[in-house]
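Hi everyone, thanks for making time for this one.

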Amino acid sequence: MSALLKLQNIHKAFADVRVLEDVSLSLAAGEVVGLLGPSGCGKSTLLRIAAGLDQDYHGGLQLDPLLTFAGGRGVVFQEPRLMPWLSVAQNVGFADGRGADGSWVEQLLRDVGLQGRGAALPKHLSGGQAQRVAIARALYGKPQVLLLDEPFSAVDAFTRMKLQDLVVDLAARYEVAVLLVTHDLDEAFYLSDRVLILGGTPSRLQRELAVPLVRPRDRRCAELAHLRGEALTELFQSKGPAGISSDSTGLLSPLQLSDDRCLTK
Amino acid sequence: MSALNLVIVRWAERLPGWRPMLTDLRGWVVPLLLLALLETFVRSGVLPAHQMPAPSQVAQTLYGLAQSGELWRHLSASLARVSAGFTIGAVLALVIGTWVGLSRRAEAYLEPTFQALRAIPSLAWVPLLLLWLGIDETPKIVLIALGAFFPVYLALLAGIRNIDRKLVEVGRLYGLSPLALVRRILLPAALPNLFTGLRGALSLSWMFLVAAELIAATRGLGYLLSDGRETSRPDLVIAAILLLALLGKLSDSLLKAWETRALRWRDSYQGGEDGA
């Protein structure tokens, strides 16, 4: 599998404060990668660089030609960022304006569970519904890659779980690779095939943890708990003064199954 | 007042179909009372009729004007001037305001000049406009356009500067051209401010219309005002004032109805504690 999107040796500074140092990551087709780190570690900045919204950095951004046209990378932000003056359907088809493909919009609204709400205005939607519309809008351009910037952090826990399942579902159905930025350990491991941990000042990639579990996954699965523990340890260590050099990055050895609901790939 | 309010609310409850109309009637109570009071005072001789004509007298004057066709002549002249001036001023403000709103460079070059021009009371332009453009229609329309320009320009600029950066970013994500960005994100997002500016500009347009017509005109409501003063006919002056009030209110209501329609999407505080 060749990478669809590759970030190479990214260095980024705001004014004189170095935020990211020598961060590299790649995203292959159909893969879900979680980017985990404490707040302010620059993980959102990294995503913005990948989305093309931040051009002021050092390093390389390699894109598959399929991703270079407008809408080739679907982005969902922390907030829905819907245009309040457009209806739900117009928001979903925003990329094409008036020439939007109505039946595709309809299909996407059905996919995110908002069939028949196309004529509603954003002000009539709940936070979770608005985020569903944002997900549909991101999928409208038939992207190969979805870039998600803490997309579920502003909704309640129950809605969050439903939205997480929705995204995994849609990503699989439309064969979209996902780069998910989050500070939520549960979310990162439940959704991702690989979790990258960002930490330290300036931030580097501290570790990569593989999540060798088939889908659909069980949130209660003991293996997830174990991985969460590993990540937590890593996050605490990376705050320490010594820091951890990037060569400590390693894949987690396959775990023993402690719960028969979880199956290794 | 509260007793009257109660009566109206009771009637509104009994006749649910009439409810919106009846509650709207509340605004008529004060002016009607004042008119009745005035009529009584003038008829009973408390107020001298040659200075303060009775409302019925003013109504008669208006009827006379309408009968002779004079009314329409004055109204159409004033309406034409206001619509031309307002449209020209607002369109120019729309174009220049968007340009300055978008470009920091344009702002650096143009803003100080506009601020200085704005500081000149617009009526100070009148003599100059008369010198340059004669006493034709042109100076009147230019003056009104000048008055309409600044409210729209300032409101639009403030509106564009207040737009959520996050929405603009969505536009960048979809690779919108600058023109598409203006049309699809900036102008719609600045629309609430723009309407405030347009309504302010419209009321200023009427004000400058009167100023222009008072000074040099042979037709129009402003002319009617000065004619009434010169021929010592307060009924004519008051009739013209009423017509101005009516037109001003009517044009503002039209704009407001358009605003309400265009801004249906807005999710903002609409004022509380009404109920009735």
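Let's start in strand β2 of chain A, residues 17-28, where you will find Asp22(A). Keep in mind that this is a predicted model.

Glu150(A) sits in the loop between β6 and α5 (157-173) of chain A. This residue counts as buried, because it has 20 other C-beta atoms within 10 Å.

In chain A, six strands form an open sheet with mixed pairing, in the order β5-β6-β7-β3-β8-β9. At the edges are β5 (73-76) and β9 (204-210) of chain A, each pairing on one side only. On average, neighbouring strands are turned by 15° against each other, direction ignored. Inside the sheet, β6 (residues 145-149) and β7 (residues 177-182) of chain A run parallel, paired over 5 bridges, and there Leu147(A) stands opposite Leu179(A). Helix α4 (residues 127-140) of chain A packs on the sheet and touches β5 and β6 of chain A; the direction of α4 makes about 170° with that of β5(A).

Next, helix α3 of chain A, residues 102-111. Which of its residues are buried? They are Val105(A), Leu108(A) and Leu109(A). These residues lie on the same side of α3(A), because they cover an arc of only 100° around the axis. An α-helix has 3.6 residues a turn, so residues three or four places apart point the same way. On the other side of α3(A), Ser103(A) and Arg110(A) are exposed. The cover over the buried residues includes α2 (88-92) and α4 of chain A. Just after α3(A) comes Gly113(A), with a positive phi of about 80°.

Last stop, the prolines. Most peptide bonds are trans. The one joining Thr201(A) and Pro202(A) is cis, with omega about -15°, and Pro202(A) lies in the loop between β8 (194-199) and β9 of chain A. The bond from Arg215(A) to Pro216(A) is cis too, with omega near -5°; Pro216(A) lies in the loop between β9 and α7 (222-239) of chain A.

Note on methods. Residues are numbered from 1 along each chain as its sequence is written. Chains are lettered from A and ligands numbered from 1 in the order in which they are written. This is a predicted model: local features need pLDDT of at least 70, side-chain atom pairs count only at pLDDT 80 or more; totals for chains, interfaces and linings use all residues. Two strands pair if DSSP finds at least two bridges between them. Helices (H or I, at least four residues) and strands (E, at least two) are DSSP runs, numbered from the N terminus. Axes are lines fitted to C-alpha atoms, for helices over the stretch in contact, and angles run from 0 to 180 degrees between N-to-C directions. Two residues are in contact if their C-beta atoms, placed from the backbone, lie within 7 Å. A residue is buried if 20 or more other C-beta atoms lie within 10 Å of its own, exposed if 12 or fewer, and partly exposed in between; C-beta atoms are placed from the backbone. The arc is that of the directions from the helix axis to the C-beta atoms.
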